[in-house]
Amino acid sequence: MTDVHILGVGMTRFGRHPDSDASDLGAEALLEAIADAEIDARAVEAAYCGHVFQGMVTGQRILAQVGLAGLPLTNVENACSSGATAIREASLAIRAGEHDVVVAIGTEHLTSRFRGALTPDPSDPEAAVGATMPGVYAMRARRYMEEFGMTREQLALIPVKNKGNAARNPLAHFRTPITVEEVLESRPIADPLNLHDCSPVTDGAAAVVVMSDRAAGRFANGRTVRLAASALRSGSVDVEPTSMTFEPLTWATARDAYEKAGIGPDDIDLAEVHDCFSIAEVLRVEGLGLFEQGSYPTAVERGEADIGGRLPINPSGGLIGKGHPLGGTGVAQVVEVVRQLRGEVGDRQVEGAKVGVAHCRGGKAVGIEGAACTVQVLVR
Amino acid sequence: MEVETAVSFRPGELEVDSSGAGHLLGSRCASCGAHFFPVRQACAGCLGTDLEAVRLSTTGTLYTFSIVRQSTPEFEVPYALGYVDFSEGVRIMGQISGCDLEDIWIGMQLSLSVEPFGEDEDGNQLSGYRFRPTEAGSGGGS
Ligand SMILES: [Zn+2]
């Protein structure tokens, strides 16, 4: 079976784009990815497009803008993992031998669809009693504080780190570093989480060009990164209440990915993880096996997760700093890891990085531990 | 007190009787005994499909909570939101009422309370549920 290789990546600036829509942004990212791959657009054989709230046939609207007609195209919805799931589908099409050159796009124009707190689907029993996504993560934060003694100040160091990294990322939504005091004094959203603990409502898109061994040989551009694993799982149903301070779903997905890629947590040089909220970064990295359960807040305090630290987490700025355009998020994480492994990211470069991981986890439904989770392993 | 016929905001999950009291509805697996909320069509433990509808117990323990200060327009903020663990082995989310927002703590005992909860399309009052602190000794609540 062929390996899967990423030869081209593209990404719009993340932020507010009042004069564009999801297909404009998706088309911009796709054209950049095709140009970055140094291929003729006619080489593209199939496309997958991840988004959440952009309506019917968003992917077709993107392809129409760039003149790519007639390709098999699949629109993918998997909440905040939609874009990452599109990459996985593209990789499966390659591994199956069906196609040699496939594009995956993730896009979202969220500012025109949403304001304030995201909620589960209105049909969900938890949405009906007032569940919000910040509320759910705030409850997990409170429980984590109770079990592991994490302080509010320790938690605030995560947005401080991520917005600091975002200040070095020209494509990030936020470009201004913040302090612990600013986190603590920002508007309360759901106790103990404040505004700076939350990822913003962002517009943006990203795209990648993936290829088989054969195509990667033919189109070799000297910047190829191997997608060694692209794992996906959905949440299991709770047969009895389980801990909300650990993520079996993240760990199960990570185990699949590590096994396929033939690596372990110790081999990883950097990770982009789904920090939709400050506490989420804690739960993700511990769920991925990168830090021991209960240890991440003090590791952050010691600078271990900084660029230049033992294991940099979210060097791009993460969802909190770079922004969180739902469908665009998972693809943008892979774009960041590819650029890190190629050594292209200037003053936020993780020196000598060879193996990177991108983790997405999205959605909420009553009675299941998370909805959709992806873990992708990239190797240079 | 004169009680109008109460209408549940979500009859599949909350059963309300004519006295205004109620129960949350779940499923019990006839094969392995696992309980679920809300009602399921098959058991996630053993995949058995012989599930019976059951009324869940009405008193549980607060697992964790938050004070929500930003929400969607239909909910007035702030409100307390919590996850409550019940003896059948189910954890259910609901708002917490009947006490100050500062007087909520992990581990406190809470009881199901049927309360006014929004309106239907014609403007008729609906009944939903919240969880209230269980009064010491009585297990009742008001
Ligand atoms: Zn069963």
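1. Along the chain, the donors of the zinc ion are spaced C-x2-C-x10-C-x2-C. Those donors are the SG atoms of B:C29, B:C32, B:C43 and B:C46, at 2.3 Å. A donor here is an N, O or S atom within 2.8 Å of the metal (3.2 Å for Na, K and Ca), and water is not among the atoms, so sites may look incomplete.

2. Before going on, bear in mind that this is a predicted model, where local features need pLDDT of at least 70, side-chain atom pairs count only at pLDDT 80 or more, and totals for chains, interfaces and linings use all residues. Residues are numbered from 1 along each chain as its sequence is written, chains are lettered from A and ligands numbered from 1 in the order in which they are written, and side-chain values use heavy atoms, leaving out hydrogens and water.

3. What is the arrangement of the four donor atoms around the zinc ion? It is tetrahedral, because the angles they subtend are 100 to 120°; the cut-off for four tetrahedral donors is that all angles lie between 85 and 135 degrees.

4. Now for A:Q340, which sits in helix α13 (residues 326-342) of chain A; helices are DSSP runs (H or I, at least four residues), numbered from the N terminus. With 1% relative accessibility, A:Q340 is buried, meaning under 20% relative accessible area (1.4 Å probe, protein chains only).

5. The side chain of A:Q340 has a polar atom 3.1 Å from the backbone oxygen of A:R348. A polar atom of that side chain also lies 2.9 Å from the backbone nitrogen of A:V350.

Methods: Four donors count as tetrahedral if all angles lie between 85 and 135 degrees; four count as square planar and six as octahedral if opposite donors are over 155 degrees apart and all others between 65 and 115; anything else is irregular. Helices (H or I, at least four residues) and strands (E, at least two) are DSSP runs, numbered from the N terminus. Buried means under 20% relative accessible area, exposed over 50%, partly exposed in between (1.4 Å probe, protein chains only). A polar contact is a pair of N or O atoms within 3.5 Å; within protein, one must be able to donate a hydrogen and the other to accept it, and residues adjacent in sequence count only if both atoms are side-chain atoms.
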